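Dear colleague,

I am handing over the structure that we spoke about, and below it you will find what turned up when it was examined. Please read the notes with the structure open beside them.

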Amino acid sequence: MIPSAGIPKKRQRTAARRSSSTVGTISSVSDVTLTEISQQHHRPSSMADDRPSPMTDDRSSSSTDEALHFNDAVTADVVLRLFMDSPSPLQSSPTATATADSVSKSDFHVYLHSDILRRSKYFSALLSDRWIGNVQASDHATSGDGDRDRFLLNLGVPPATGSIQSHLTVLELLYTNDFAAVVDSASMALDLLPVALELLFEECVRWCVDFLEAVPWTEEEEKRVVRLIPFLSEEESRELVARVSPSREDSCEAMLEGLVSSAMNSYGNTAFVKAFVGKILRDLSSRETAKRVLEKAFARSLKTVKESLEDYSSPVFRGDHNETEAIQKLNLHKASTNGKHLLWLVERMIELRVADVAVREWSEQALFTADLQRAFRDDAWRNIVPGLPAVILRCTCRLANAVSAGTILASRQVRRKLVEDWLPVLVVCKDNVSPISPSNKSLYLELEETFLRIISTLPMSDAQELLQRCLSFSTRNVEDCPHLVTAFNTWFRRAARPPKPDSLFDQ
């Protein structure tokens, strides 16, 4: 069973596919016109590839067949009339010339040889005794010298199959076997393959399929390949199907997980790789797939940071001082590295508006925030990972900003816990991270303002409790903390209203 990619079930090729409409009367046409057209599209017959010829028929090497030439009116015993089934012109490929367009509008006689045509299973069946016996006497024509008969055959070219020129090229390949010189591009292979399938010219089919397997395609060429796959056998199409159809349903998700993991862990300078993966995430058609992948990565990184801080804050090992110090440094470095990954993941999730689960998990971290407070009250981290507090607070600030802006619609409980659990971490960082750099000062102020905006969305009882914990936002100069003044003024304005809800409508 081929994986689902819009590819129908395989169809079997049979020699009788089109035989019912091929025999008939030949229309008159100038042989010179056909000869000239054939010469214009003739290619060198030398084989440029070392690949052995797929033609294995012993007749092709006989001296008799070597003397037979394509469209030779003198020696031909078959005259094939090619005509378009549809009156509309058909452009088979971007490389088709104006001459090819003009020939596709007319009927053409091609002078052929039954011994060569039998390389095609379609013509082999058509020229068999069973079919020849049913040909009407009027369908035979006598050559100019009167010494033999010719079989007269009609072959309509449906628009879906290709142009008359493609048919002429495939018919000539029955004589030259020069696939390497003719099939020189994916477009050419796609032009000839439907004709080879129609005529059951297996060597040509195999060569075109092998060529398509080995070369790149444009997007349009890939669409044509997908449309042709149902007409190939399972063995013939195996490599093509593997190229255009995923081997498993979650292939896209697995690929994206690998990209996210590589962006975070596999490169020394991750900035450019993370930027590239970020673009892939933005361009991905399935937002749900990106959400699942980012949530898994977020959960893994958060788990690593939490375990590292827990091991640092509450060590359970005994050993000499040097060993203990080395393990503590390792824990802090692991927490810092994965904290940076967390920040990148949080930013991507907010950008894609899929951070609702991340906000909920971030608001349920009472134990983690307690470990952070213990770690930041210690001086050991300062010389090891001085940027760790800022990284953790930036994660909190990004999520809190998204909540206060309505980018993430969080429940009352999530909003309250987000402030309740992370406000103490902000206070500890302000008290213990000194000197305070301009960037950190800006971060602290932004997070303070964001927490106060979230508090303003809570019921007054919750806001009353949380605002009293925000007094550390004040400074010696009241003018430097207008956000805190505004938050308290808002609460007191609301508190001045009468307690009964009905009275609100009287204001």
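Val-195 lies in helix H9, where helices (H or I, at least four residues) and strands (E, at least two) are DSSP runs, numbered from the N terminus. With a relative accessible area of 0%, Val-195 is buried; here buried means under 20% relative accessible area, exposed over 50%, and partly exposed in between, with a 1.4 Å probe and protein chains only. Although Val-195 and Ile-164 are 31 residues apart in sequence, their C-alpha atoms are 9.7 Å apart in space.

Please keep in mind that this is a predicted model, in which local features need pLDDT of at least 70 and side-chain atom pairs count only at pLDDT 80 or more, while totals for chains, interfaces and linings use all residues. Residues are numbered from 1 along each chain as its sequence is written, and side-chain values use heavy atoms, with hydrogens and water left out.

As for the chain as a whole, its secondary structure comes to 23 helices and four strands, and buried residues make up 46% of its 507 residues. Of the contacts with a separation of 6 or more, 80% are between residues 24 or more positions apart, a contact being heavy atoms within 4.5 Å.

If its neighbours within four places in sequence are left aside, Thr-396 is in contact with Trp-362, Trp-422, Leu-447 and Phe-451.

Next come two helices that pack together. Two packed helices are described by the angle between their axes and the distance between the axes. The axes of helix H18 (residues 366-377) and helix H20 (residues 412-432) come within 9 Å and cross at roughly 5°, where axes are lines fitted to C-alpha atoms, for helices over the stretch in contact, and angles run from 0 to 180 degrees between N-to-C directions. H18 and H20 are therefore roughly parallel to each other, since angles under 35 degrees count as roughly parallel, over 145 as roughly antiparallel, 65 to 115 as roughly perpendicular and the rest as oblique. On the H18 side the contact includes Phe-368, Leu-372 and Phe-376, and on the H20 side Trp-422, Val-425 and Val-428 are among the residues involved. By class, this contact has nine nonpolar, three polar and two charged residues, with Ala, Val, Leu, Ile, Met, Phe, Trp, Tyr, Cys and Pro counted as nonpolar, Asp, Glu, Lys and Arg as charged, and the others, Gly among them, as polar.

How many salt bridges are there? The count comes to 24, a salt bridge being a side-chain nitrogen of Lys or Arg within 4 Å of a carboxyl oxygen of Asp or Glu. One of them joins Asp-191 to Arg-224, with the closest N and O atoms 2.8 Å apart; Asp-191 belongs to helix H9 (residues 186-198) and Arg-224 to helix H11 (residues 219-228), 33 residues apart. Asp-191 counts as buried at 5% relative accessibility, and Arg-224 counts as buried at 17%.

In another salt bridge, the side chains of Glu-465 and Arg-416 meet at 2.9 Å, N to O, and this pair links helix H22 (residues 460-467) with helix H20 across 49 residues. Glu-465 is partly exposed at 34% relative accessibility, whereas Arg-416 is buried at 13%. Both residues also belong to a network of salt bridges that links Arg-412, Arg-416, Lys-417, Glu-420, Asp-421, Asp-462, Glu-465 and Arg-469.

Finally, a word on the backbone. Most residues other than glycine have a negative phi. Asn-71, however, has a positive phi of about 60° although it is not a glycine, and this residue is found in the loop between helix H2 (63-66) and strand E1 (78-84). Arg-353 likewise has a positive phi, near 60°, and lies in the loop between helix H16 (321-351) and helix H17 (356-362). Asn-71 is buried at 13% relative accessible area, whereas Arg-353 is exposed at 60%.
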